[in-house]
Amino acid sequence: MGFWEQSWKDIDLARVEAYTEGFNFNSDSIIDFLNEKQCHKVLDAGCGCGIYALKLAKHGFDVDGLDVASSASDIASKLMADNGFTGRFTAADIKDTRLATESYDAVISRDVIDHMTKADAKLALKELFRLTKNDGYVIVTVDSLDDEYVSEPHIVDADGNYCFTDGKWNGMVFHPYDENELQDIIGNSTEHLISVLEDGFMLVCRKYADNERV
Ligand SMILES: C[S@@+](CC[C@H](N)C(=O)[O-])C[C@H]1O[C@@H](n2cnc3c(N)ncnc32)[C@H](O)[C@@H]1O
């Protein structure tokens, strides 16, 4: 069983409930952006327990979600249903979702591609673009390298991926991005904007009909 499936299987549901109760459901820059661009149908790719999908639903978006861990997508599906929202929440890898091409006005993926190798992150972005309608948006956030990433046992491979080798993150991968590295995975041919967040970066890319590549 992979790191994420095991983590979500072992999760204390009371912790998820407490997290949900304390979550800030007010609008934020992603939601403001989606409204401004009149996006309605969105996918939360790597949705975890579904907290952000729920926030999107509360703000009127039609939301589906997926996560590589089936335990996570099950929790997310229940969280949405318990709050009166529908949506399709499935277990899938963002590198190969098996969802239909051009299904979403926007695909959001918060703090997911930074938990993949850089090579896999490139494949994931390509897949997220495939799922996005022409003139739609792919919005991705990545976390910064913090003290814990440095102190937990790990090796750093030739591509700069942190591969955790023991302790609570044994089996997890983290790739620390700076603006140059984000630029590197997106390439030059897609209109995009990189913003600095308090604890990482946000990449907003527009998809064009004649520009399928990432
Ligand atoms: C740091 S959590 C972020 C969860 C959620 N996006 C949020 O903002 O609360 C990373 C999530 O990505 C999921 N994940 C990791 N690799 C994935 C992959 N290849 N495909 C889909 N989900 C993945 C994990 O199971 C986990 O739920």
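Leu203 lies in strand 10, which comprises residues 200-206; here helices (H or I, at least four residues) and strands (E, at least two) are DSSP runs, numbered from the N terminus. The structure is a predicted model, in which local features need pLDDT of at least 70 and side-chain atom pairs count only at pLDDT 80 or more, whereas totals for chains, interfaces and linings use all residues. Residues are numbered from 1 along each chain as its sequence is written.

Leu203 counts as buried because it has 23 C-beta neighbours inside 10 Å; by definition a residue is buried if 20 or more other C-beta atoms lie within 10 Å of its own, exposed if 12 or fewer, and partly exposed in between, with C-beta atoms placed from the backbone. When residues up to four places away in sequence are not counted, Leu203 touches Val140, Leu182, Ile186, His192 and Ile194, contact being defined as C-beta atoms, placed from the backbone, that lie within 7 Å. The C-alpha atoms of Leu203 and Glu181, which are 22 residues apart along the chain, are separated by 11 Å. Phe201 is also found in strand 10, but this residue counts as partly exposed, with 19 C-beta neighbours inside 10 Å. Residues up to four places away in sequence again being left out, Phe201 touches Thr141, Val142, Tyr177, Glu179, Leu182, Ile194, Ser195 and Val196. Phe201 and Lys126, by contrast, are 75 residues apart in sequence and 19 Å apart in space, C-alpha to C-alpha.

Strand 10 is joined to strand 5 by seven bridges, and the two run antiparallel; two strands are taken to pair if DSSP finds at least two bridges between them. Within this pairing, Thr141 stands opposite Met202 in strand 10. Strand 5 (132-143) also pairs with strand 4, in the parallel sense and over six bridges, and Ala106 stands opposite Tyr137 in strand 5. Strand 4, helix 6 and strand 5 make a right-handed β-α-β unit, where right-handed denotes that, with the strands pointing away from the viewer, the path from the first strand over the helix to the second runs clockwise.

The 14 residues of helix 6 should span 20 Å at 1.5 Å a residue, and the end C-alpha atoms of the helix are 20 Å apart, which agrees; the expected span is 1.5 Å times one less than the number of residues. In helix 6, the residues Ala121, Ala124, Leu125, Glu127, Leu128, Phe129 and Leu131 are buried, and the buried residues of this helix pack against strand 1, strand 4, strand 5 and helix 8 (179-186).

Strand 1 (residues 41-45) and strand 2 pair in the parallel sense over five bridges, with Asp62 in strand 2 as the bridge partner of Lys41. Strand 2 (residues 62-67) is mostly covered, since five of its six residues are buried. Together with helix 4 (residues 51-58), strand 1 and strand 2 make a right-handed β-α-β unit.

A separate description applies to an open sheet of three strands, which has the order 6-7-8 with antiparallel pairing. Its edge strands, each of which pairs on one side only, are strand 6 (154-156) and strand 8 (173-174). Strand 7 (residues 162-164) is joined to strand 8 by two bridges, and Cys163 stands opposite Val173 in strand 8.

Two loop residues have backbone angles of note. Most residues other than glycine have a negative phi. Glu102, although not a glycine, has a positive phi of about 55°; Glu102 is found in the loop between strand 3 and strand 4 (104-110) and counts as partly exposed, with 14 C-beta neighbours inside 10 Å. Asp111 is not a glycine either and has a positive phi of about 55°; Asp111 lies in the loop between strand 4 and helix 6 (118-131) and is partly exposed, with 16 other C-beta atoms within 10 Å.

The ligand is surrounded by 18 residues, of which the closest are Trp4, Gly46, Gly48, Val68 and Arg110; a residue is near a molecule if its C-beta atom, placed from the backbone, lies within 6 Å of it. The residues of this shell divide into ten nonpolar, three polar and five charged, where Ala, Val, Leu, Ile, Met, Phe, Trp, Tyr, Cys and Pro count as nonpolar, Asp, Glu, Lys and Arg as charged, and the others, Gly among them, as polar.

Conventions:
Contact = placed C-beta atoms within 7 Å.
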